[in-house]
Amino acid sequence: MIWEVFRQESAGDTYEHVGNVHAPDSELAEQFAEVQHARRMQTNSLWVVPADEISEVGAQDAAFGGRTDKSYRWAMTYNDIDASFAEEVADSEEEQREAARKRREALAEEGDA
């Protein structure tokens, strides 16, 4: 029987798959896992599970997240910017300056009256 071995290096770390062992029962599998996968490395804990008991949920079976295009989150995607908006900004700024000039003239006329 094949047993998959997952090792945790330090308390609080995630478990990482480090290999498998062949053993007839869980007691021997744990001993083999300790010798083969934890003896020479810093190890806090091992998970030893029958390979038959591990199941996989693949992308064909489920709709996992992360499939939408979120490239806008990366600054490098803004390298090819359509600069046409710059003209709109310049036009808007000119309109604001003109409106401010007219307000100042209106206030000046009110002061003269």
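Colleague: Where do Glu 94 and Arg 97 sit, and how many residues apart are they?
Modeller: Glu 94 and Arg 97 are in helix α2, which covers residues 84-112, and they are three residues apart. That puts about one helical turn between them. Keep in mind that this is a predicted model.

Colleague: What do the side chains of Glu 94 and Arg 97 do there?
Modeller: They form a salt bridge, at 3.2 Å from N to O.

Colleague: What is the spacing of Glu 98 and Arg 101 in helix α2? And of Arg 101 and Glu 105?
Modeller: Glu 98 and Arg 101 are three residues apart in helix α2, about one helical turn. Arg 101 and Glu 105 are four residues apart in helix α2, again about one helical turn.

Colleague: Changing topic. Which residues make up the largest nonpolar core?
Modeller: Seven residues: Trp 3, Val 5, Val 21, Ala 23, Ala 29, Ala 33 and Val 48. As background, nonpolar side chains tend to be buried together in soluble globular proteins.

Colleague: What does Trp 3 touch?
Modeller: Leaving out residues up to four places away in sequence, the contacts of Trp 3 include Val 21, Ala 23, Ala 29 and Val 48, which are also members of the core. Trp 3 touches Gly 19, Asn 20, Asp 25, Ser 26, Val 49, Pro 50 and Ala 51 as well.

Colleague: How many aromatic pairs are there?
Modeller: The count is one. The pair is Tyr 15 with Trp 47, and it counts as stacked because the ring centres are 3.7 Å apart and the planes are at 15 degrees.

Colleague: Which parts of the chain does that pair tie together?
Modeller: Tyr 15 is in the loop between β1 and β2 (16-22), and Trp 47 is in strand β3 (residues 45-50), so the pair ties together parts that are 32 residues apart in sequence. Tyr 15 is partly exposed at 24% relative accessible area, and Trp 47 is partly exposed at 46%.

Colleague: Last one, His 37. Buried or exposed?
Modeller: His 37 is buried, at 11% relative accessibility, and it lies in helix α1.

Colleague: What lies 3.5 Å from a polar side-chain atom of His 37?
Modeller: The backbone oxygen of Val 18 does.

Colleague: And which residues is His 37 in contact with?
Modeller: Setting aside neighbours within four places in sequence, they are Val 5, Arg 7, Val 18, Gly 19, Asn 20, Val 21, Phe 32 and Thr 43. Among them, Val 5 and Val 21 also belong to the largest nonpolar core.

Methods:
Residues are numbered from 1 along each chain as its sequence is written. This is a predicted model: local features need pLDDT of at least 70, side-chain atom pairs count only at pLDDT 80 or more; totals for chains, interfaces and linings use all residues. Side-chain values use heavy atoms; hydrogens and water are left out. A salt bridge is a side-chain nitrogen of Lys or Arg within 4 Å of a carboxyl oxygen of Asp or Glu. Helices (H or I, at least four residues) and strands (E, at least two) are DSSP runs, numbered from the N terminus. A nonpolar core is a set of buried Ala, Val, Leu, Ile, Met, Phe, Trp, Tyr and Cys residues joined through side-chain atoms within 4.5 Å. Buried means under 20% relative accessible area, exposed over 50%, partly exposed in between (1.4 Å probe, protein chains only). Contact means heavy atoms within 4.5 Å. Rings of Phe, Tyr and Trp (its six-membered ring) pair if their centres lie within 6.5 Å; planes under 30 degrees apart count as stacked, over 60 as edge-to-face and the rest as tilted. A polar contact is a pair of N or O atoms within 3.5 Å; within protein, one must be able to donate a hydrogen and the other to accept it, and residues adjacent in sequence count only if both atoms are side-chain atoms.
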